[in-house]
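This report describes selected helices and a sheet of the structure shown below.

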Amino acid sequence: MLCGIDEAGRGSILGPLVVGAVYAEDDTIFKNLGVKDSKKLTPNKRELLFNQIIDVASNYSVIIATAEEIDKRRKKESLNDIELNMFVEGASKVSVRKVYADCPYANENRFSDILSLKLGNIEVVGRHKADETYPIVSAASILAKVIRDRMIRDIASEFGVNIGSGYPSDPNTMTFIKKWIKNNGTVPKYTRNTWEPMRRLSVEHANTKITDW
């Protein structure tokens, strides 16, 4: 049994980090579906492939860390450690002989060795942009992306406004957060307070209040 694993939302300032894992005897079934890096697919295509992946995969797993959970865990863990441990959980649902993973570390070999050790010395192939190389990782990428997108839509519905994608590079996301802080004096729910962009915004808001006096 093989396992492919990837994440969505690693660098977002708002919303969850989602890890997806898919299991199969070989990745031909995913290649035949035409899977590719989830970022290169339209939302509708991802949703279509999501259902097809669920149907053909031997098994699958989704691990979610909310913004609040990430803030708490970052008191003791780095983001790399958090993601690595989520990968371990995702790849541990059933017994596998080999794991393919999108590598979040700068050093691919170091990441592969650590993940392998945590999984009981199972063979691990951890590569940068693995979702562009291995169909089984592409499938995991789609799984994670679709689940996260659904959660972001739910958050937007709760606030009743456009919150964008949740990434600091998204003007809609940053505009929403800035307006929320200005109008409410607090950061919005689902925001990662330990993120540097969020810390800067909090400092700017505090300085503005002092200047107003």
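## Helices and sheet of the predicted model

Helix α6 (residues 135–159) has 25 residues, which at 1.5 Å a residue should span 36 Å; its end C-alpha atoms lie 36 Å apart, in agreement. The expected span is 1.5 Å times one less than the number of residues. Since 19 of the 25 residues of α6 are buried, this helix is largely enclosed by the rest of the structure; buried means under 20% relative accessible area and exposed over 50%, with partly exposed in between (1.4 Å probe, protein chains only).

This is a predicted model: local features need pLDDT of at least 70 and side-chain atom pairs pLDDT 80 or more, while totals for chains, interfaces and linings use all residues. Residues are numbered from 1 along each chain as its sequence is written, and side-chain values use heavy atoms, without hydrogens and water.

In helix α5 (residues 108–118), F111, S112, L115 and S116 are buried. Seen down the axis of α5, these buried residues fall within an arc of 130°, so they line one face of the helix. On the other side of α5, N109, D113 and L117 are exposed. At the start of α5, a side-chain oxygen of N107 comes within 3.0 Å of the backbone nitrogen of N109.

A glycine with positive phi follows each of these helices:

| Helix | Following residue | Phi |
|---|---|---|
| α5 | G120 | near 90° |
| α6 | G160 | near 75° |

Five strands form an open, mixed sheet in the order β3-β2-β1-β4-β5. β3 (59–65) and β5 stand at the edges with a single partner strand each, so one side of each has no neighbour in the sheet. Strands pair if DSSP finds at least two bridges between them.

Note on methods
Helices (H or I, at least four residues) and strands (E, at least two) are DSSP runs, numbered from the N terminus. The arc is that of the directions from the helix axis to the C-beta atoms. A polar contact is a pair of N or O atoms within 3.5 Å; within protein, one must be able to donate a hydrogen and the other to accept it, and residues adjacent in sequence count only if both atoms are side-chain atoms.
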